[in-house]
Amino acid sequence: MEKEEKRQNDNLIIGRNAVIELLKSGREVENVLIAKGEHEGSINRIIAMCRENKIVIKNVDRKKLDFMCGGANHQGVAANVPAHSYSSVDEILAYAQEKGESPFIIICDEIEDSHNLGAIIRSAEACGAHGVIIPKRRNVGLNFIVAKTSCGALEYMRVARVGNLVSAIEDLKKKNIWVYCADMDGQPWCKTDFSGGTALVVGSEGNGVGRLVKEKCDVTVSLPMLGQVNSLNASVAAGIIMYEIARQRLGL
């Protein structure tokens, strides 16, 4: 964990003036970290700018911020910037159309582990998916660890970040894309028809797919658990189902 957080400094902008200039530049920002109890001076301006631009603000313990910044003078504020630029959902769909293929999309619901998201992106690229959709809140963004874990796949995979996954799913369904939820108590993954436009929703190991998101899905698919544990790592489960989708799309 310590090594992971130190490497995240590659994506960290620290200090009040530096963060203000970052926000003014229009560059993409994952989130802004503010030390708990900091509400004076230019911090208020930073908060206002974040709210105006709909940028997520996270209140963190000052000691944690000290650690993340390597002991540098952060003045109570730091900002995470993505290791790669984001695409839009429309760009993902346009890419599928450009290739003359039915859309194949992976949707991540509250994947908070950087290694898992990186592995999912890597598998998605290998399986021929056209893009990945993640939520702005309660989901890791495109940080340095995600980029590294993807082993280069992030350079080729379109990732869209949306404010509301439920709304995004509803929009996909209006475009005749079937949405499949990978979760417990579903129909067997290997007996499911994944033909046509397909979106696969993957949740976190701890909580699975959220209730509201699951309710919007068309079908729930499950992997059999033959051992004593009742779940797989999110990226492993996603990879297995992605390859079944790819197999069917190839007509194998």
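Q: Which exposed residues does the face of H3 turned away from its buried side carry?
A: That face of H3 carries Arg51 and Glu52, both exposed. Please note that this is a predicted model.

Q: And which residues of H3 are buried?
A: In H3, which spans residues 42-52, the buried residues are Ile43, Ile46, Ile47, Met49 and Cys50. Around the axis they cover an arc of only 165°, which puts them on the same side of H3.

Q: What covers those buried residues of H3?
A: The cover includes H2, E2, E3 and E4.

Q: Across which strands does H3 lie, and at what angle to E2?
A: Helix H3 lies across E2, E3 and E4 and runs at about 150° to E2. After the helix comes Lys54, whose phi is positive, near 55°.

Q: What about H2, across which strands does that helix lie?
A: Helix H2 (residues 16-25) lies across E1, E2 and E4, and its direction is at about 40° to E4.

Q: What is the strand order in the open sheet of 4 strands?
A: The order is E1-E4-E2-E3, and the pairing is mixed. E1 (12-14) and E3 (56-60) stand at the edges with a single partner strand each, so one side of each has no neighbour in the sheet. On average, neighbouring strands of this sheet are turned by 25° against each other, direction ignored.

Q: How many bridges join E1 to E4, and are the strands parallel or antiparallel?
A: E1 and E4 (residues 77-80) run antiparallel and are joined by 3 bridges. Within that pairing, Ile13 has Ala79 in E4 as its bridge partner.

Q: Changing topic: what is the order in the open sheet of 6 strands?
A: That sheet has the order E7-E6-E5-E9-E8-E10, with parallel pairing. Its edges are E7 and E10 (219-222); each has a single partner strand, so one side of each is left without a neighbour in the sheet. Here neighbouring strands are turned by 30° against each other on average, direction ignored.

Q: How many of the residues of E5 are buried?
A: E5 is mostly covered, with 6 of its 6 residues buried.
A: Ile106 has Leu200 of E9 as its bridge partner, and Ile107 stands opposite Ile133 in E6.

Q: And how many bridges do E6 and E7 have?
A: E6 and E7 pair in the parallel sense over 5 bridges. The bridge partner of Gly131 in E7 is Arg158.

Q: Which strands does H8 lie across?
A: H8 lies across E5, E6, E7, E8 and E9, running at about 160° to E5.

Q: And which strands does H6 lie across?
A: H6 lies across E5, E6, E7 and E9 (197-203), with a direction at about 170° to E5.

Q: How do the axes of H6 and H10 cross, and within what distance do they come?
A: The axes of H6 (residues 114-126) and H10 (residues 234-250) come within 9 Å and cross at roughly 10°. That makes H6 roughly parallel to H10.

Q: Which residues make the contact?
A: From H6 the contact is made by Asn116, Ala119, Ile120, Ser123, Ala124 and Ala126. From H10 come Ala234, Ser235, Ala238, Gly239, Met242 and Tyr243. By type, the residues of the contact of H6 with H10 comprise 8 nonpolar, 4 polar and no charged.

Q: Last topic: which residues of H5 are buried?
A: In H5 (residues 89-98), the buried residues are Val89, Ile92, Leu93, Tyr95 and Ala96. Seen down the helix axis they fall within an arc of 155°, so they line one face of H5.

Q: What do they pack against?
A: The buried residues of H5 pack against E5 (104-109), E6 (131-135), E7 (158-162), H8 (165-174) and E8 (177-188).

Q: And which exposed residues are on the face turned away?
A: The face of H5 turned away from its buried side carries Asp90, Gln97 and Glu98, which are exposed. H5 is followed by Gly100, whose phi is positive, near 70°.

Notes:
Residues numbered from 1 in each chain as written. Predicted model: local features only at pLDDT ≥ 70, side-chain atom pairs only at ≥ 80, totals over all residues. Heavy atoms only, no water. Axes fitted to C-alpha atoms, helices over the stretch in contact; angles between N-to-C directions. Helix = DSSP H or I, 4+ residues; strand = E, 2+ residues; numbered from the N terminus. Parallel < 35°, antiparallel > 145°, perpendicular 65-115°, else oblique. Contact = heavy atoms within 4.5 Å. Nonpolar A, V, L, I, M, F, W, Y, C, P; charged D, E, K, R; others polar. Buried < 20%, exposed > 50% of the residue type's maximum accessible area, 1.4 Å probe, protein only. Arc of directions from axis to C-beta. Pairing = 2+ DSSP bridges.
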